[in-house]
Amino acid sequence: MALENPAFRSPAFTGNTSVSNAVSVEELQDIYNRPTAGAGETDRMTVEDTVVKTALSFGVLVIGAMLGWVTATTMPFLFAIAGIIGFVLALVNIFKKEPSPALILAYAAAQGVFVGAISMFYETQFDGIVLQAVLATLAVVGVTLALFASGKIRASKKATKVFLIAMVGYLVFSLLNVVLTMTGAVSNPWGLRGDDLFNTGIPIGLVLGVLVVIMAAYSLVLDFDFIQKGVKNRAPRKYGWTGAFGIMVTVIWLYLEILRMFAIARD
């Protein structure tokens with residue numbers, strides 16, 4: 001004789017479903033009323049969590065910039081040290097397989113001191129130039145973000161290849177310009193950037209600056225695209241720091257290029 005399965009005595013199998021249904025409805029209602037699980041509960045990358053990480057990184061950057069601004073004239077060696085540390089930390093964070101919040105925030109602090117000191121030096125030579133550069137940088141970032149969010153611009157393989165080629169060319173030009181300026185081969189304090197473009201009276205630095213701004217804008221598109229794909233593919237939450245780091249590096253580069261372009265235009 002087969003043994004009776006106790007499970008068949010449950011309300012679901014005996015026809016007495018009123019109790020079980022009442023409990024199920026209450027449980028479903030409780031689940032429905034609970035707040036949506038955030039990045040902390042799911043340990044997955046989200047846009048909101050990445051925004052928080054980005055804001056924190058820029059907060060540290062601004063604090064460092066304030067320190068660099070007030071110590072630019074009294075402790076100029078701090079500016080040089082911060083620049084070297086920031087450059088090293090940038091390389092470490094770029095080639096590190098997994099993001100490190102501590103190293104990214106350390107980069108933000110060091111680079112902030114460097115940017116603050118540089119900004120102070122420019123401001124002493126060209127009154128009001130820092131505010132102009134900050135507003136222009138925010139405008140470029142805001143327009144790029146709006147166009148990306150609306151789907152008007154997207155990252156593509158072809159555009160990325162052109163971007164990488166342009167980046168290599170720009171880095172070679174910048175290195176050559178530094179060498180020529182330091183060796184005295186070029187007398188202009190801006191180096192090749194200060195030379196006229198085909199005797200038009202327009203400095204090469206202005207034309208190059210516009211191209212670099214476009215390159216930096218596309219770099220932002222790549223940063224936004226990385227975050228979008230990370231969220232879509234449910235990447236681990238820690239990679240939100242990678243997105244924050246990428247945006248921060250691009251914005252710093254964009255700001256410094258705009259600052260220099262404005263200075264060349266005023267000079």
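First thing I looked up: are Phe 148 and Phe 224 buried or exposed? Phe 148 is buried, and so is Phe 224. My cut-offs are under 20% relative accessible area for buried, over 50% for exposed and partly exposed in between, with a 1.4 Å probe and protein chains only.

Ground rules before I go on. This is a predicted model, so I take local features at pLDDT of at least 70 and side-chain atom pairs at pLDDT 80 or more, while totals for chains, interfaces and linings use all residues. Residues are numbered from 1 along each chain as its sequence is written, and side-chain values use heavy atoms, with hydrogens and water left out.

**Rings.** I get 6 aromatic pairs in the structure. Rings of Phe, Tyr and Trp (its six-membered ring) pair if their centres lie within 6.5 Å; planes under 30 degrees apart are stacked, over 60 edge-to-face, the rest tilted. Tyr 107 and Phe 245 have ring centres 5.3 Å apart and planes at 70°, so I log the pair as edge-to-face. Tyr 107 sits in helix α6 and Phe 245 in helix α10, so this pair ties together parts 138 residues apart in sequence. My helices are DSSP runs (H or I, at least four residues), numbered from the N terminus. Tyr 107 is buried at 3% relative accessibility, and Phe 245 is buried too, at 8%.

Back to Phe 148 and Phe 224: their pair is tilted, at 5.7 Å centre to centre and 50° between the planes. Phe 148 belongs to helix α7 (residues 129-149) and Phe 224 to helix α9, so the pair ties together parts 76 residues apart in sequence. I also noted a cluster in which ring pairs link Phe 79, Phe 114 and Phe 121.

**Helix packing.** I checked α4 (residues 47-71) against α6 (residues 101-125): they pack at about 40°, axes 6 Å apart. The axes are lines fitted to C-alpha atoms over the stretch in contact, with angles from 0 to 180 degrees between N-to-C directions. The contact (heavy atoms within 4.5 Å) includes Leu 56, Gly 64 and Trp 69 of α4, and Ile 104, Gly 112 and Glu 123 of α6.

Where is Arg 234 found? I place Arg 234 in the loop between α9 (204-232) and α10 (240-266). Its phi is near 55°, a positive value in a residue other than glycine. Arg 234 counts as exposed, at 53% relative accessibility.

Key. Helices (H or I, at least four residues) and strands (E, at least two) are DSSP runs, numbered from the N terminus.
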